[in-house]
Amino acid sequence: MRGDDLMALQGTVRARPPEETWELVAPLLREFGITRVAKLTGLDCIGLPVWTAIRPGSLTLSGSQGKGATDLLAKVSAVMEAIELWHVEQPLPVHAHGPAEDVAPDCPVTALPLTVPHPEHTLAQMVWEWTSGTRLVSGEKTLLPLDLVRRRVQRPEWTPDLLRATSTGLACGNTREEAVCHALFEIIERDVLYRDAQSGGQRRTLIDLATVDDPFGREVVERLAAAGMAVELALVDGPYGLPVCVAYLWSEDYPVVFAGGGCHSNPGIAATRAMTEAAQSRVAAIAGTRDDLPTDPGSFDIPPFRPARTAGLTAWPEATAHLGLALCGFADLAEDIAGRIALVTGHEPVALDLSQAAAPFHAVQVVCPGTRSRIRRAMPR
């Protein structure tokens, strides 16, 4: 994956080197309410870089975490996640007001994320405020309910609490196309893991960790082993033709199962994202700085640890031989992924631009009607 706007880094692909991104974003931290950026890595024994960015005045989460192959990548990741949340807290323009049957959006409201199922005729008569987004296949404008983006703190009292506003599809990148790609990867990851959970985990192929041949992937596996972690990595089959991985960590010193998921056009990056996200979740729990972490350890709702299977595992090269894309740039990549999603769901993904075009980075919220994600915190093992 190389091209004019694709820069391959350890465990990720970006449009700019992290040094340049940090130089652009550092002077703007206070503008986005970020008062502190801190290294959390040393709170755990694993050693994979994890950082946090703190926004005390946040209307959503005051602490955002970031991970990466280096301290700088992890620091930039934490800051970008905090900036994502700042953008989604800001008011968006209202381009229409009324029920869906009058606004006539491109997709039925029943295809959007709902708090609970409702009959289509009931949803069609609900009154919402609507904002304009861009369809990612045709490039045409369309309308989406604002409640898909704004959190409860922004929802007007008269608005029915029927649409699920989550961070799924919320992304910040060096360019708009980079942000859109990362949003689409996250949407596919969560939809595939939802489908897998509905099947009772029947879509998983357990991987022999000794066969992971991605250089950074090998480093991650070795770090986890050296720290005494029990690790399970699985490739999860989905309808999109892109690699989706889920990973689990457990150790005797902190006997809780931590999970992470990852999706990317590069199988190696999908695997390392899953493993490093699990490690990040562990550090976040140790630090205790996430607003949404339960105060009672028993409320993690995670079953007791079962040793990972050691027989009948599949070699990584064999499991991923049919997966992966090699495209020239983020724009081509976003177009390809959006087309795949539209074929599966019957609806085009829609991007809402949350930042100004002249900004040194771009925040988007991508909504993919017809996709789903889990409601519970835990990823079933």
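**Exercise 1. Find the residue in β11 that is the bridge partner of T205.**

Start with the ground rules: this is a predicted model, where local features need pLDDT of at least 70, side-chain atom pairs count only at pLDDT 80 or more, and totals for chains, interfaces and linings use all residues. Residues are numbered from 1 along each chain as its sequence is written, and side-chain values use heavy atoms, with hydrogens and water left out.

Step 1: go to β10, residues 204–208. Strands here are DSSP runs of E, at least two residues, and helices are runs of H or I, at least four, numbered from the N terminus.
Step 2: β10 and β11 run antiparallel, joined by three bridges. Two strands pair if DSSP finds at least two bridges between them.
Step 3: across from T205 you land on L235.

**Exercise 2. Work out the strand order of the open sheet, and say which strands are at its edges.**

Step 1: β11 also pairs with β12, antiparallel, over seven bridges; V236 sits opposite V244 there.
Step 2: β10 pairs with β14 in the parallel sense, over two bridges, with D208 opposite A315.
Step 3: the five strands read β13-β12-β11-β10-β14, with mixed pairing. The edges are β13 (254–263) and β14 (314–315), each pairing on one side only.

**Exercise 3. Which strands does helix α5 touch?**

Step 1: α5 spans residues 176–198.
Step 2: look for contacts, meaning heavy atoms within 4.5 Å. You'll find β10, β11, β12 and β13.

**Exercise 4. How many residues of β11 are buried?**

Step 1: buried means under 20% relative accessible area (1.4 Å probe, protein chains only).
Step 2: six of the seven residues in β11 qualify, so the strand is mostly covered.

Conventions. Axes fitted to C-alpha atoms, helices over the stretch in contact; angles between N-to-C directions. Buried < 20%, exposed > 50% of the residue type's maximum accessible area, 1.4 Å probe, protein only.
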